[in-house]
Amino acid sequence: MKNFIEEVSSRRTFAIISHPDAGKTTLTEKLLLFGGAIRAAGTVKGKKTGKYATSDWMEIEKQRGISVTSSVMQFDYDGFRVNILDTPGHEDFSEDTYRTLTAVDSAVMIIDAAKGIEPQTIKLFKVCRMRGIPIFTFINKLDRVGKMPLELLAELEEVLGIESYPMNWPIGMGKEFLGIYDRFYNRIEQFRVEEEDRFIPLNDDGEIANNHPMQESGLYMQALEEIELLNEAGNDFSKERIADGTLTPVFFGSALTTFGVQTFLETYLKFAPEPQPRHSNNGPVDPFNEDFSGFVFKIQANMNPAHRDRIAFVRVCSGKFERGMSVTLSRTGKSMKLSQSTQFLADDRSTVDEAVSGDIIGLYDTGTYQIGDTIVSGKSLFQFDPLPQFTPDLYVRVTAKNVMKQKQFHKGINQLVQEGAIQLFKTKYEDYILGAVGQLQFEVFEHRMKNEYNVDVMIEHLGSKIARWIEGNTVDEKLSSTRSMLVKDRFDRNVFLFENDFALRWFQDKNPDVKLYNPMDDR
Ligand code: G4P
């Protein structure tokens, strides 16, 4: 049995950031297979096994065969307990996707070798950057022809602005993929070669020591040349720079063929941080402190429509959670017993009795919690720093179809806005404008307004806009136009919604005195 300190030090909590189709599901499955958490690939992606048909996710998820939720997957490997938090992509990309990144200690970034760095990866990367969390890069699909590895490294630097250290290097790719030259373990791992012959050791000069047919290969020679270039002109390996998020270790592999995955996992576990302290209004909270504390980073409503339950996802930041324990909600000072808790493994919910710093627990919620809430077991009622605000990209104008239903309309909107999936803005004519990070949020909103508040809504799509807040909050209303719509957010702050990048630049040229900012760029 591990003691509390050992338990906490064994936690590794991360999210995978990637653009859809880069291989997040495939890699997650392979990691879970290594951890023994699932027995067959194809379990994570419900649509393949038809699991969604029988699951009780909300209707809209069933129709689309996609998940609106961020589930949490846990497995044990080599003495570590690994928590993977899912970051929904595709149409279900939402603020929750971003917020999940506030609950992890590191991130794994998957890049499709053929496509390079794609838009959703850039957005998620920015959030990790702003939080200073370490990022581990897995360049996937080497079994197919992709961009040249040096080109991919240059993209990391140019597009994302992060320096990299390749832990290994591909020898060929596609049909001619021979394996990876492992700089870190000083060996070559051969692709599609039986376990006993898979590894070729290297000598102190980093070359194949004994006679091996690989030496004859032009691809091997080319890899050696590139590695020499990396050794001379590339970045140095630095544990400290990985930890502070300024250097990303890069691994090449192929998730589908399970190649390079185990090496990646083992090396990741060596360098990924244990649970880190979280900031609060009472100073940093030490994860090894035995008083329990945690914060709600996501509230999932209607997971089971029959029960209308909500689940508040809590990141444990210190101490130990035990079922039935008493905690205080810092916002209200109210005490309560945490008797109903749940933990997630792939799609199945199972009950958790104990969790420590770094773990994620789901608490059944009957409307008690708000996103960002702190719960504590100790005497001091501190609050963790507020979660960052994410700037929506998509906007709609919304009205109630039936004017007699104004009361329910306002109640519904306000409650759904509180949950944080959508942001509310008002024009000076009191029109309601909703902003979201992903399109699906509007559909979920419409669905829930009808089903939970019995209000049919009319949605007018305004398309994508660029939102900018105003320093000092004072502005001349006359500057509002169709291309730069002036609205107020729910904290009564003025916001311009610009039609596009051109409208934003044009406005800035015309009105240099109005200082605009994007909260997401400032952290
Ligand atoms: P995502 O969760 O990031 O969206 O990606 P996912 O794992 O679903 O992978 C997207 C597609 O890429 C899948 O193929 C998957 O099989 C493929 N893929 C993942 N890793 C690799 C790899 O290492 N090499 C190759 N060649 N392909 C890979 P699909 O045809 O879109 O779907 P499926 O029906 O086969 O799942």
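**Exercise 1. Find the place of Lys-411, and decide whether Lys-411 is buried, partly exposed or exposed.**

Step 1. Lys-411 lies in helix α12, residues 406-419. (Helices are DSSP runs of H or I with at least four residues, strands are runs of E with at least two, and both are numbered from the N terminus.) Residue numbers start from 1 along each chain, following its sequence as written. The model is predicted, so local features need pLDDT of at least 70 and side-chain atom pairs count only at pLDDT 80 or more, while totals for chains, interfaces and linings use all residues.

Step 2. (Buried means 20 or more other C-beta atoms within 10 Å of the residue's own, exposed means 12 or fewer, and partly exposed lies in between, with C-beta atoms placed from the backbone.)

Step 3. Then look across the model to Ala-223. Between the C-alpha atoms of Lys-411 and Ala-223 there are 62 Å, and the two are 188 residues apart in sequence.

**Exercise 2. Describe the sheet on which α12 packs.**

Step 1. Write down the strand order. Eight strands form an open sheet, β25-β22-β24-β23-β27-β28-β26-β29, and the pairing is antiparallel. (Two strands pair if DSSP finds at least two bridges between them.) In general, strands of a sheet pair through backbone hydrogen bonds, either parallel or antiparallel.

Step 2. Which strands are at the edges? They are β25 and β29 (516-517), each pairing on one side only.

Step 3. Place the helix. α12 touches β22, β23 and β24 of this sheet, and its direction makes about 130° with that of β23. (A contact needs C-beta atoms, placed from the backbone, within 7 Å; axes are lines fitted to C-alpha atoms, for helices over the stretch in contact, with angles from 0 to 180 degrees between N-to-C directions.)

Step 4. Follow β22 (residues 394-400) to its partners. Five antiparallel bridges link β22 to β24 (residues 432-436), with Arg-397 opposite Ile-433. Seven antiparallel bridges link β22 to β25 (residues 457-464), and here Ala-400 faces Val-457.

Step 5. Finish with β23 (residues 423-426), which is antiparallel to β27 over two bridges. In this pair Lys-426 stands opposite Lys-488.

**Exercise 3. List the residues that come nearest to the ligand, and sort the shell by type.**

Step 1. There are 15 residues around the ligand, and those coming nearest are Gly-23, Lys-24, Thr-25, Thr-26 and Leu-256. (A residue is near a molecule or strand if its C-beta atom, placed from the backbone, lies within 6 Å of it.)

Step 2. Helix α2 (residues 24-34) gives the largest share of the shell, three residues.

Step 3. By type, the shell has four nonpolar, six polar and five charged residues. (Ala, Val, Leu, Ile, Met, Phe, Trp, Tyr, Cys and Pro count as nonpolar, Asp, Glu, Lys and Arg as charged, and the others, Gly among them, as polar.)

**Exercise 4. Say where Arg-192 and Asn-473 are found, and give their phi values.**

Step 1. Arg-192 is in the loop between β9 (187-190) and β10 (199-201). Its phi is near 55°, a positive value in a residue other than glycine. Arg-192 counts as exposed because it has 12 C-beta neighbours inside 10 Å.

Step 2. Asn-473 is in the loop between β26 (466-470) and β27 (484-489). Here phi is near 65°, again positive in a residue other than glycine.

Conventions: Contact = placed C-beta atoms within 7 Å.
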